[in-house]
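Please examine the sequence and the three-dimensional structure shown below. The paragraphs that follow lead through selected parts of them in turn.

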Amino acid sequence: MELFLNLERSFQINMPKVETFDKELAIKRATEVFHDKGFNATSMQDLVDATTLNRSSIYNSFGSKLELFLECLKSYQGIYAIKVSEILDKAHNSLHAIELLFEFYLYEMIQDKDDKGCLITNCISEMANQEKAIINFLSQNQKSFIELLEELVANGQKKSIINLNRTPNEYALYLFSSIQGFRTTGILISNKKDLHIIAKTTIQTLI
């Protein structure tokens, strides 16, 4: 009997811990904190307060503040991937898809009353050269978006609705840089008309 009890205790100690909280909700709340304060200014206590988890639960579930931040970035990226996919589904052609992307980002900037900007764009400014894991995430995110833009440009050029002055890759790099700058500029410029002119001017380069 004693041997059985010892084995039972050993099994309970070594068995994996079962998460008893809503992990997606915790990531959502942590994302809001990181978005408000940035990675470096966010403390573990901020994350404890936001997620209502104790420090040990955060460490056991996510590993570290950095790993939790990466989870938040991936979640944020996933949400935007769905939104971009929905935009592409509504587009009549490649050029229209690019126009809708700018309109989407313009709408988001106007709705961003607190001028928090994009979490991933903010991360580029704050941490692009600080952590290898962050660099890898940002590089892959950039690569995927540029590939999407390159495909849109190539399709538009085949249908003669985008000019051939530059290669698809060159235009994709230009558009990616323009979108990044557009979203950053939107934090400082609140005039919808001015933002619309910036977007329109960028797109006219393709025609």
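Which residue does the side chain of E108 meet in a salt bridge? The partner is K83, with 3.4 Å from N to O. A salt bridge here is a side-chain nitrogen of Lys or Arg within 4 Å of a carboxyl oxygen of Asp or Glu. The two residues belong to distant parts of the chain, since E108 is in helix α6 and K83 in helix α5 (residues 65-90), 25 residues apart. Helices are DSSP runs (H or I, at least four residues), numbered from the N terminus.

The model is predicted: local features need pLDDT of at least 70, side-chain atom pairs count only at pLDDT 80 or more, and totals for chains, interfaces and linings use all residues. Residues are numbered from 1 along each chain as its sequence is written, and side-chain values use heavy atoms, with hydrogens and water left out.

Side chains of opposite charge can pair when their charged atoms come close. E108 also meets R183 in a salt bridge, at 3.9 Å from N to O. Because R183 lies in helix α9 and E108 in helix α6, this pair ties together parts that are 75 residues apart in sequence. R183 is buried, with a relative accessible area of 13%, while K83 is partly exposed at 28%. Buried means under 20% relative accessible area, exposed over 50%, and partly exposed in between (1.4 Å probe, protein chains only). Another salt bridge joins K37 to D46, whose closest N and O atoms are 2.9 Å apart. K37 is partly exposed, at 41% relative accessibility. The count of salt bridges comes to six.

Helix α6 also holds I98, which is buried at 1% relative accessibility. Leaving aside residues up to four places away in sequence, I98 touches L152, V153, I162, L175, I203 and L206; contact means heavy atoms within 4.5 Å. I98 and L149 are 51 residues apart in sequence, yet their C-alpha atoms are 8.0 Å apart in space.

How far apart are the end C-alpha atoms of α10? They are 18 Å apart, which agrees with the 18 Å that its 13 residues (192-204) should span at 1.5 Å a residue. The expected span is 1.5 Å times one less than the number of residues.
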